[in-house]
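This report is meant for a reader meeting the structure for the first time. Please keep the sequence and the model in view while reading.

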Amino acid sequence: MRNCLIGMLALAALGPACVALATDGKALAAAQGIPYPAVIAHRGASYDAPESTKPAYLLARELGADYLELDLQRTRDGVLVVVHDDELSRTSDVAKRFPERKHSPVSAFTLAELKSLDAGSWFNEAYPARARASFANLPILTLDEVIDIAEGNPQRQPGLYIETKVPSQFPGIERQLKERLKARGWLDRPGRVVVQTFDRNSLALLHETMPQVPKILLLWVGTKAIAPASGHDFAGSGESDKAAFYARQHPKSRAEFLRWLDLAKQGGAIGTGPSAKRGKLGEQSYADLIEPWMNQASHERGLLVHVYTLDEAQDFDAAMKAGVDGIFTNRAGALLRFYDRAAERETAVPKRLGY
């Protein structure tokens, strides 16, 4: 926040024409120490390696991503771990290892139990064209292990983009996160860490505990989020095609969307993370919350726009033309090529890294 204020004061000192730049995404990002446009590796390079695992994060780092994105939960014995889903059945062999607990939340397992799971073989089964024998038996990572990866190459040191996942299940996780980041020396450089959440209460707690760290309120169209014009969620729609359902979803009104921007600002966020509709729909395609007027309204409020989750050049191009300031992507290499920033091809890196 202090850096943002300094940036705004500096602009103001230069006169009205420069003050206008404060509503431009590039200027807003610079004030926070955030790269523009930001390449945010969603759960690592998760198109090419199992999400949230060591090879996914190593690959994203070596490709040159600005941020390693991760979802934070907590074990039964109090350790911060990196897992996206509320439970473990999609991305591990929990049903084999702990059949009676296969639908239990992450918080029901100790770190030792989580470390005993195979968090890689599912990827080889789901995506045989991208499978590697070395992905079998990959462990779930702790926050500290992801920090180790981010610090592991002096020439390429990405930041961390951290989501508090289902934070209501983990009271105090915001303060615990601050303590670990502080202990590792990760709160000393503006923009090195960005924290994100869908949960407004967690946003407030993050702002209270880490006022100087940039925060993002993630945006979603649903009955418990931005009120949908349809009046219902996918679960109550009776439909089977989730992407097609979300492609038709819109906020119930312009005022409803703007209200959520104001809530983000009031909660201490410096930006929003809106969903996007993919051109080819499919998995991870949601409601279109990056229409040009939406992005303009965000910038007018001094808010950055980091959109999730796009993987194709046509979608990168459409998003940038609409006015976003950064993109969450499973294909960090493809996005870096789109920005003419590619350091290396994805196919060459895994072998060099030992995968």
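## Basis of the model

The model is predicted, so local features need pLDDT of at least 70 and side-chain atom pairs count only at pLDDT 80 or more, while totals for chains, interfaces and linings use all residues. Residues are numbered from 1 along each chain as its sequence is written, and side-chain values use heavy atoms, with hydrogens and water left out.

## Aromatic rings

The structure contains 20 aromatic pairs; rings of Phe, Tyr and Trp (its six-membered ring) pair if their centres lie within 6.5 Å, and planes under 30 degrees apart count as stacked, over 60 as edge-to-face and the rest as tilted. One aromatic cluster is formed by Tyr67, Tyr161, Phe198, Trp220, Phe234, Phe245, Tyr246, Tyr286, Tyr308 and Phe328.

Two arginines are placed over rings, which requires CZ of Arg (or NZ of Lys) within 6 Å of the ring centre and within 35 degrees of the ring normal. Arg101 lies over the face of Phe98, at 5.1 Å from the ring centre. The charged end of Arg130 is over the ring of Tyr127, 4.5 Å from its centre.

## Cavities

There are two cavities of 30 Å³ or more. On a 1 Å grid over the protein atoms alone, a cavity is a set of points where a 1.4 Å probe fits but cannot get out, and lining residues have an atom within 4 Å of a point. Grid points are joined across faces, edges and corners, and a volume is the space filled by probe spheres set on the points.

The largest cavity holds about 90 Å³ of space. Its lining has five nonpolar, four polar and one charged residues, and includes Glu51, His84, Leu88 and Ile140. Here Ala, Val, Leu, Ile, Met, Phe, Trp, Tyr, Cys and Pro count as nonpolar, Asp, Glu, Lys and Arg as charged, and the others, Gly among them, as polar. The second largest cavity holds about 50 Å³ and is lined by Asp48, Ala49, Pro55, Leu59, Phe135, Pro350, Leu353 and Tyr355. That lining divides into seven nonpolar, no polar and one charged residues.

## Two helices

Helices (H or I, at least four residues) and strands (E, at least two) are DSSP runs, numbered from the N terminus. Leu181 lies in helix α9 (residues 173–183) and is buried, with a relative accessible area of 0%; buried means under 20%, exposed over 50% and partly exposed in between (1.4 Å probe, protein chains only). Not counting residues up to four places away in sequence, Leu181 touches Ile147, Ile162, Trp186, Leu187, Val193 and Met210, where contact means heavy atoms within 4.5 Å.

In helix α13 (residues 292–300), the buried residues are Met294, Asn295, Ala297, Ser298 and His299. Their cover includes α3 (25–32), α12 (254–266), β8 (271–273), β9 (304–307) and α14 (313–322). After α13 comes Gly302, with a positive phi near 75 degrees.

## The backbone

Most residues other than glycine have a negative phi, and most peptide bonds are trans. The bond from Tyr36 to Pro37 is cis, with omega near -15 degrees, and Pro37 is in the loop between α3 and β1 (38–41). The bond from Tyr308 to Thr309 is also cis, with omega near -20 degrees; Thr309 is in the loop between β9 and α14.

Arg43, in the loop between β1 and α4 (54–63), has a positive phi near 60 degrees and counts as buried at 8% relative accessibility. Asp340, in the loop between α15 (332–338) and α16 (349–352), has a positive phi near 55 degrees and is exposed, with a relative accessible area of 73%.

Technical notes: On a 1 Å grid over the protein atoms alone, a cavity is a set of points where a 1.4 Å probe fits but cannot get out, and a pocket is an open set with protein on both sides within 12 Å along at least five of seven lines; lining residues have an atom within 4 Å of a point.
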